[in-house]
Amino acid sequence: MIKAVSIDDLRRRASKRIPRMIFDFLDGGAGNESGLRRNREALDDLRFIPRALVDVDTIDTQCRFLGRQWAMPFGVAPIGMSGMVWPGAEIAMARAAAFANIPYTLSTAGTTSLERLKEASPDNAWFQLYYARDPAVADDLVARADNAGYDVLMVTVDVPRPARRLRDITNNFGLPFRPSLRLALDVASRPQWSLATLRNGMPRLETIAPYAPKGSGAQSLAAHMSSQSTGRLDWEHLKRLRDRWPRHLIAKGIMSPEDAERAKAIGLDAIAISNHGGRQLEGCIATIEALPAIRAATGPDYPIVFDGGVRSGEHIAKALAAGASFVLAGRAFLYGIAAHGPENANVTIDLLQEELMATMAQLGAPTLADIRPEHLFKNASAL
Ligand SMILES: Cc1cc2nc3c(=O)[nH]c(=O)nc-3n(C[C@H](O)[C@H](O)[C@H](O)COP(=O)(O)O)c2cc1C
């Protein structure tokens with residue numbers, strides 16, 4: 001059984017096993033990436049005040065969220081095109097998540113259809129929706145997710161336009177891969193990834209492929225996907241979606257207290273504080289900086305998901321202490337798969353769990369309910 005030392009170690013291994021262009025897609029962010037770095041640095045900068053002399057012989061990480069019990073207070077965030085990072089990544093990750101009893105979120109831009117993913121992981125899969133510009137496509141995607149029986153629909157609201165990611169622009173990154181000498185050398189230097197990809201064929205955006213113009217190849221599907229970006233999505237759409245979707249609905253990408261209050265007022269079951277992992281707006285505040293004001297605005301009991309910069313169990317505990325109800329991580333899980341293959345998709349889950357339990361013991365918090373705002377040192381920035 002593979003045991004990882006840290007997420008940073010998984011990231012280093014990942015960078016050596018997958019082509020540079022794909023690592024950059026996974027690892028990179030908007031502009032000069034100061035926003036990407038800020039998410040993590042703001043989590044690092046928070047400090048704990050541990051409590052001693054508490055019996056922590058038994059640590060319980062179980063948590064209730066959106067009407068059911070999970071083994072841990074964290075899950076897998078949606079990552080588009082995961083099958084490009086490693087073939088089979090989505091189903092392997094979803095199965096590992098189901099085994100561990102944590103949620104896995106499939107992206108609309110995934111390389112597995114929403115139906116196939118739900119079959120592979122019937123009880124633990126959530127679906128992330130990019131609300132397509134074409135209302136017929138948007139309605140059909142929602143109907144398919146409903147028919148497949150997803151309990152949680154997570155609609156992403158922070159992609160009004162495709163972002164400017166400088167690494168991707170420089171690498172001329174996109175699906176299908178555009179042939180070049182640089183790409184050939186890049187791929188040739190990663191034989192395990194190349195073999196796996198050759199065996200499985202070029203990944204396709206399987207969920208949205210049916211909406212591509214008839215007879216179009218992968219190139220025009222990719223162009224079609226960009227033209228379908230969510231720039232028209234507004235509060236009216238969200239209200240209609242609330243009326244239409246019969247089960248749990250989450251808006252992902254909320255960063256202001258006003259938007260959070262409004263989402264709560266129209267009946268969303270939860271919001272996800274997220275800035276897309278620093279991939280959309282470089283100058284955006286860190287997600288952990290946004291959390292306290294949003295918690296204050298929405299009250300103590302409103303379900304808040306948190307993501308952005310999570311690279312350890314300590315980070316998860318910090319987000320919970322600062323008011324999050326549930327935490328997602330994105331890159332951390334795919335670094336694990338890229339580093340050790342889909343057959344070891346549990347590697348990041350196991351690591352985060354071990355780190356979280358160690359942190360809870362140090363904090364004197366045997367259950368998640370024992371992790372309190374008082375565990376955080378308030379004047380960290382004044383030091
Ligand atoms: C390569 C990559 C692809 C992503 N694709 C999507 C997506 O298709 N839909 C979505 O809502 N968020 C997407 N995200 C954002 C993640 O769901 C999540 O918000 C972010 O990764 C959290 O930050 P972290 O990677 O620092 O944990 C993507 C993130 C990455 C890194």
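I took buried to mean under 20% relative accessible area, with exposed over 50% and partly exposed in between (1.4 Å probe, protein chains only). I took strands (E, at least two residues) and helices (H or I, at least four) as DSSP runs numbered from the N terminus. The model is predicted, so I note that local features need pLDDT of at least 70 and side-chain atom pairs pLDDT 80 or more, while totals for chains, interfaces and linings use all residues. Residues are numbered from 1 along each chain as its sequence is written, and side-chain values use heavy atoms, without hydrogens and water.

Entry 1, strand S6. I looked up residues 152-156 and found five of the five buried, so S6 is largely enclosed by the rest of the structure. Val152, Met154 and Thr156 point one way, Leu153 and Val155 the other.

Entry 2, its partners. I counted strands as paired at two or more DSSP bridges. S5 (residues 125-129) runs parallel to S6 through three bridges, with Phe127 partnered by Leu153. Between S5 and S6 the chain passes through helix H7 (residues 135-148) in a right-handed β-α-β crossover (clockwise from the first strand over the helix to the second, with the strands pointing away from the viewer). S7 (residues 248-254) is also parallel to S6, joined by five bridges; there Ala251 stands opposite Val155.

Entry 3, lining of the largest cavity. I found that helices H5 (89-100) and H16 (331-340) each supply at least two residues. H5 gives the most, three.
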